[in-house]
Amino acid sequence: LALKSGESVLDVGCGPALLVAEMAVAVGPQGHVVGIDPSDKMIALGQEKLKSTQNTALQRGSAENLPFPDNTFDAVTFCQVMSYVPDVPAALREVRRVLVPGGRLLVLDTDWQGCV
């Protein structure tokens with residue numbers, strides 16, 4: 001993902017914000033990392049983890065309807081999330097909308113059926 005100091009990043013399906021915390025370090029105090037998740041419980045766990053972090057925010061939201069203006073983020077991540085997204089094409093359209101021109105998308109998902 002090659003995050004740089006000062007970048008703005010979105011983690012879709014952030015869960016307990018483990019990746020949000022790591023990316024916040026990478027973008028530094030001039031950057032900002034936002035995590036969204038449809039689960040209030042996961043948001044609460046993440047907020048507890050990030051309570052001393054200044055450059056992060058968590059909120060409830062869905063991949064198919066991202067609550068952000070166009071061209072907001074330098075990078076967007078989906079880590080172990082796509083298999084839970086009901087409408088993947090809609091989610092990808094939303095990512096394209098919120099990414100700045102030339103922005104980066106990272107999708108990491110495991111095919112558990114194919115694991116040996």
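This is a predicted model: local features need pLDDT of at least 70, side-chain atom pairs count only at pLDDT 80 or more; totals for chains, interfaces and linings use all residues.
Let me begin with Val 76: beyond its neighbours within four places in sequence, Val 76 contacts Leu 10, Val 12, Val 95, Val 98, Leu 99, Arg 104, Leu 105 and Leu 106.

Val 76 belongs to the largest nonpolar core, which has 17 residues. Together with Val 76, the residues with the most contacts inside this core are Leu 10, Val 12, Leu 66, Phe 68 and Phe 78. At least two core residues come from each of β1 (8-12), β2 (32-37), β4 (73-79) and α3 (88-98). Apart from this core lies another, of 14 residues, and its members include Cys 14, Met 23, Val 27 and Leu 58.

I turn now to helix α1, which spans residues 18-27. Which of its residues are buried? They are Val 20, Ala 21, Met 23, Ala 24 and Val 27. The cover over these buried residues includes β1, β2 and β4, as well as α2 (40-49) and β3 (56-60). After α1 comes Gly 28, with a positive phi near 70°.

Finally, the surface. Leu 106, one of the contacts of Val 76, is placed in strand β5, residues 99-108. Is Leu 106 buried, exposed or partly exposed? Its relative accessible area is 33%, so Leu 106 counts as partly exposed. With Leu 1 and Leu 108, Leu 106 makes a nonpolar surface patch of about 220 Å².

Terms used:
Residues are numbered from 1 along each chain as its sequence is written. Side-chain values use heavy atoms; hydrogens and water are left out. A nonpolar core is a set of buried Ala, Val, Leu, Ile, Met, Phe, Trp, Tyr and Cys residues joined through side-chain atoms within 4.5 Å. Buried means under 20% relative accessible area, exposed over 50%, partly exposed in between (1.4 Å probe, protein chains only). Helices (H or I, at least four residues) and strands (E, at least two) are DSSP runs, numbered from the N terminus. Contact means heavy atoms within 4.5 Å. Patches are made of residues with over 30% relative accessible area and no salt bridge: like charges are joined within 9 Å, nonpolar side chains (Val, Leu, Ile, Met, Phe, Trp, Tyr) within 5 Å. Accessible areas come from the Shrake-Rupley method with a 1.4 Å probe; for residues, only the protein chains shown count as cover. A salt bridge is a side-chain nitrogen of Lys or Arg within 4 Å of a carboxyl oxygen of Asp or Glu.
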